[in-house]
Amino acid sequence: MTSTYDLIVIGSGPAGGRAANQARKKGWKVAIVEEREFGGTCPNRGCDPKKVLVGISEIYDNAQRVMGSGLKGEVHLDWQELKTFKDKFVEPVSPSIEESLKNEGIDTFKGKAVFQDAKTISVGDQTLAGQKIIIATGAKPATLPVEGGDLLTTSDEFFELEELPDRILFVGGGYISFEFAHLCARLGKDVIILHRGRNVLESFDHEMTNKLIELTKDLGVDIHVGTEVTAIEKAQDGGYRLNVKKFDHEHEFKADLVVHGGGRSPNVDGMQLDKAGIELGEKGIKVNDFYQTQSHSHIYAVGDVAENGQPPLTPVAGEEVRRLLQHLFEEEEISPVNTPVPSVVFTYPKLAKVGLTQQEASSQNIPYEVQSKNIASFFSYKRTNENGAYVKILTNPLTNEIIGAHLLTSSAEHLINIFALAMKKKMTKQELSSFLWAYPSEESDIPSFF
């Protein structure tokens, strides 16, 4: 027997969940399919649990730096207690979201969605037909072309480890590796990051990532760029041995745990997209400006699973589905997301960006002026003995509008939102500097950045 719906949503993350709820409020008959936990990656095994862990690590780091300045006693980080605290936030999420969806009158299905044709999917032994289908299944750890790659621990698995061993190695120099490396180093672990490319965190400004590397090395993390892992194998001591190539020379690293930090890929395995004629590109399902798949106007893809040129970030997925819903409900013309998108690496200090990097401006022949400053001597950071705080701002030399902002500070995740707003409103550096900010605050430093 086939159940028919106005809309089938595959994936219950920030994009899929919102689409299902809004369609139901319009009176549509809606089904939502989720293979794993309801709520998707961010609240269950991504942004939120990570922020809980690194947030406690941040408090610990602050305490260590001001010890003896009015603060006394011993403070320790404990992985088991951190994990228990993190679980208090994660465990209620999926049941709560599933119950909320059901209360809205949305039919929920647990399992993998497999296309039978362009209108029909199966979930286990159940068959669903949809007038419209939205694919919002997100991303998963990419398969690395490395012998022994199955020995890697994914970020999903890392969150669930009951204990952390002494020697931890991260393959890849992206968000996951740097954020977890900072946490593990503060837990007293020996940490190594191996990155195949020349520049870590490649979408960020290279000057700023180089400064982050320096601060990360100060924590005791060993970082190697231009280093390709060729094989991973079990060692006799129960750990792992990695063969790598660096500058055409063979080297060997040893670790007790090897973590996958080498990027993510669209989560479409086993969905049989070909049966629906859905075309998959290098970075996801191919879509047009209306988020429609290339082959079918009634099948849409949004968020990290879609190949649309946008960064794989939660706010972007939410904005994409907002625009898609306008198209579905109001038949409005929509355009791709073109608002400035801030992004943060939750190391400590945090690295944040919005707009153009210096290398992007140079490669695109976009005129720019740059102000780059070490602001560790500012009162905001000196009062807590921070050993690194930097800011870099790119402006249009003709209009003085801000076209890029890059921050490496303890308050970067808050300051970057101000610069995103300034760029959205096409503000000049003079206009941003003219605001009266509460003092003393990190925001009140902004006029001194230029």
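**Buried charge, cores and a pocket in a predicted model**

Lys86 counts as buried, at 1% relative accessibility (buried means under 20% relative accessible area, exposed over 50% and partly exposed in between, with a 1.4 Å probe and protein chains only). The model is predicted: local features need pLDDT of at least 70, side-chain atom pairs count only at pLDDT 80 or more, and totals for chains, interfaces and linings use all residues. Residues are numbered from 1 along each chain as its sequence is written, and side-chain values use heavy atoms, with hydrogens and water left out.

Lys86 takes part in a salt bridge with Asp87, where the closest N and O atoms are 2.8 Å apart; a salt bridge is a side-chain nitrogen of Lys or Arg within 4 Å of a carboxyl oxygen of Asp or Glu. Asp87 also counts as buried, at 11% relative accessibility. A further salt bridge joins the side chains of Lys86 and Glu160, at 3.3 Å from N to O. Lys86 lies in helix H4 and Glu160 in the loop between H6 and E8, so this pair ties together parts that are 74 residues apart in sequence. Helices (H or I, at least four residues) and strands (E, at least two) are DSSP runs, numbered from the N terminus. Glu160 is partly exposed, with a relative accessible area of 41%. A network of salt bridges links Lys83, Lys86, Asp87, Glu160 and Glu162. The structure holds 29 salt bridges. Another of them pairs Glu233 with Arg241, the closest N and O atoms being 2.4 Å apart. Both partners are partly exposed: Glu233 has a relative accessible area of 31% and Arg241 one of 23%.

The largest nonpolar core has 35 residues, and those with the most contacts inside it are Trp79, Phe158, Leu164, Phe170, Phe178 and Leu351. A nonpolar core is a set of buried Ala, Val, Leu, Ile, Met, Phe, Trp, Tyr and Cys residues joined through side-chain atoms within 4.5 Å. Elements giving two or more residues to this core include helix H3 (47-66), helix H4 (79-90), strand E8 (167-171) and helix H7 (175-186). H7 supplies the largest share, 6 residues. Residues up to four places away in sequence aside, Leu351 touches Leu201, Phe204, Met208, Thr209, Leu212, Ser343, Val344, Val345, Leu407 and Leu408, contact meaning heavy atoms within 4.5 Å. A second, separate core has 27 residues, among them Val354, Ala376, Phe378 and Val391.

Arg323 is found in helix H9 (residues 314-330) and counts as buried at 11% relative accessibility. Neighbours within four places in sequence aside, Arg323 is in contact with Tyr291, Ile334, Ser335, Pro336, Val337 and Asn338.

The lining of the second largest pocket consists of Asp61, Arg65, Arg186, Leu215, Asp218, Leu219, Tyr348, Pro349, Glu386, Asn387 and Gly388. On a 1 Å grid over the protein atoms alone, a pocket is an open set of points where a 1.4 Å probe fits, with protein on both sides within 12 Å along at least five of seven lines; lining residues have an atom within 4 Å of a point. H3 and H8 each supply at least two residues of this lining. About 160 Å³ of space lies in the second largest pocket, a volume being the space filled by probe spheres set on grid points joined across faces, edges and corners.
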